[in-house]
Amino acid sequence: MTKFIKKIISQTGDLIFFFKKKEINKNNIRKILIISLYFRGDVLFNTPSIKILKKLFPDSAIDVLVKSRSKDILKGNPDINELIVFDNIKTADYNDSTGLMINEKLSLIKRIRKEKYDLCIDFTGKYSTGLIALLGGFKYSMGLNYNGFGFCYSKFVNIDTQNTIGHLSEKYSNIIKEGLSINVSEWISLNTNSNKKCEIFISKSETEKANHYIKSLNIPEDKPLICIQITAGWKAKEWSEKKYSELLTKLLSRDYSFVLIGSEEDKSINFRVLDSISPDLRKFYLSLPLKINAAVIRDSDVFIGSDSIGLHLAGAVNTPSIGIFGPTNPAFSNPAGEIHTIIYNKLYCSASDSSQYCTRNAGKTCATIDCIKNITPDQVMKSIDILLNKYFYKKELKLEKN
């Protein structure tokens with residue numbers, strides 16, 4: 001959608017729906033719906049905002065509208081009352097429903113209206129989610145919007161998360177700050193370091209299952225365990241299979257233990273990498289549900305992966321990580337803190353400081369992807385050694401896991 005068309009839509013909508021604009025009275029908020037329909041990493045980046053909301057409205061019921069691909073990120077979160085799962089809406093250019101699904105969308109609107117929410121917060125910001133905010137019968141609504149549908153909200157927050165400096169989780173939190181007109185002093189008390197951290201809640205049974213899978217591999221407890229996720233959201237973000245094969249060979253030569261994680265869809269690429277060394281290594285690929293994978297990451301000593309959900313989970317569970325970045329800007333998504341390392345070759349075509357993606361459509365139209373291709377296994381091994389020396393071999397410095 002061109003900027004001109006967006007401008008026309010925005011100006012026309014503002015004229016027609018001028019009556020929607022109003023300040024949000026925080027004293028009237030008892031029931032909240034959050035719309036979070038992007039991918040798992042984005043949903044995880046919403047968790048600090050959810051924590052801040054619960055602190056602002058401790059007696060409120062917070063429901064979240066998510067896609068099935070992301071629901072496990074929020075399952076068990078004590079700040080959330082209910083998850084509403086809805087897949088029949090397109091919010092991304094890939095891996096999404098493309099049909100109109102009018103009846104399904106109308107049923108969703110009816111369900112939402114029946115709940116009589118006081119406040120809607122749209123973290124997704126597409127035309128479809130803007131229409132939910134407009135038609136959902138909310139007392140108040142607020143959010144960002146990339147498609148010129150800011151007129152749909154009581155309070156439109158004009159934040160372009162993809163083209164402004166800063167981490168995505170902070171930008172989502174700023175929607176809360178600006179949408180609710182929170183003053184500086186109150187925001188400082190709300191936006192503490194503990195409230196900035198992304199979080200996932202892993203149950204006892206999920207922890208036990210992860211422990212069972214790790215023990216079944218007969219991994220020595222006195223050896224460092226390296227957890228690796230080879231895949232990412234799209235191919236351009238992924239380091240090559242050959243480089244991962246070389247890295248695993250180096251890990252074996254050091255007598256380090258490793259485990260590869262992913263989904264059933266990722267099995268073939270992981271098996272190719274393992275088979276390139278020995279078919280006997282296939283047992284070290286674990287295709288597990290997301291939260292059990294998160295528990296495996298938590299039980300590991302170092303996590304390695306691209307800009308992917310595994311890397312973001314490592315940040316949430318306090319496992320030292322090495323992020324291998326290429327066409328995406330690490331400042332937007334890498335976990336914060338000295339325990340997290342990035343390897344990033346910034347080229348002339350790489351993302352600017354204020355852009356999330358490189359100038360080659362996040363690598364999707366790049367013929368070479370040299371930014372990530374030129375990262376070497378030796379670079380990654382050097383980072384592994386540094387992290388292990390700080391957090392594994394010096395036991396007194398080893399991080400306490402959640």
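Me: How many of the 5 residues of strand 10 (residues 302-306) are buried?

Reply: In this predicted model, 5 of the 5 residues of strand 10 are buried, so the strand is largely enclosed by the rest of the structure.

Me: In what sense does strand 10 pair with strand 7 and with strand 11?

Reply: Strand 7 (residues 225-229) pairs with strand 10 in the parallel sense over 4 bridges, and glutamine 229 has glycine 305 of strand 10 as its bridge partner. Strand 11 (residues 321-325) also pairs with strand 10 in the parallel sense, over 4 bridges; there, the bridge partner of glycine 305 is glycine 323. Strand 10, helix 14 (residues 309-316) and strand 11 form a right-handed β-α-β unit.

Me: Which residues touch the most other members of the largest nonpolar core?

Reply: They are Ile176 and Ile384, in a core of 102 residues. Leaving aside residues up to four places away in sequence, isoleucine 384 touches Ile226, Leu247, Leu251, Tyr256, Ile304 and Ile322. Another core, of 20 residues, lies apart from the largest one and includes Ile109, Cys120, Ala133 and Tyr153.

Me: Where is methionine 101 placed?

Reply: Methionine 101 is in the loop between strand 3 (82-85) and helix 5 (102-115). Its phi is near 50 degrees, a positive value in a residue other than glycine. Methionine 101 is partly exposed, with a relative accessible area of 30%.

Terms used:
Residues numbered from 1 in each chain as written. Predicted model: local features only at pLDDT ≥ 70, side-chain atom pairs only at ≥ 80, totals over all residues. Heavy atoms only, no water. Core = buried A, V, L, I, M, F, W, Y, C linked by side-chain atoms within 4.5 Å. Buried < 20%, exposed > 50% of the residue type's maximum accessible area, 1.4 Å probe, protein only. Contact = heavy atoms within 4.5 Å. Helix = DSSP H or I, 4+ residues; strand = E, 2+ residues; numbered from the N terminus. Pairing = 2+ DSSP bridges. Right-handed = clockwise from strand over helix to strand, strands pointing away.
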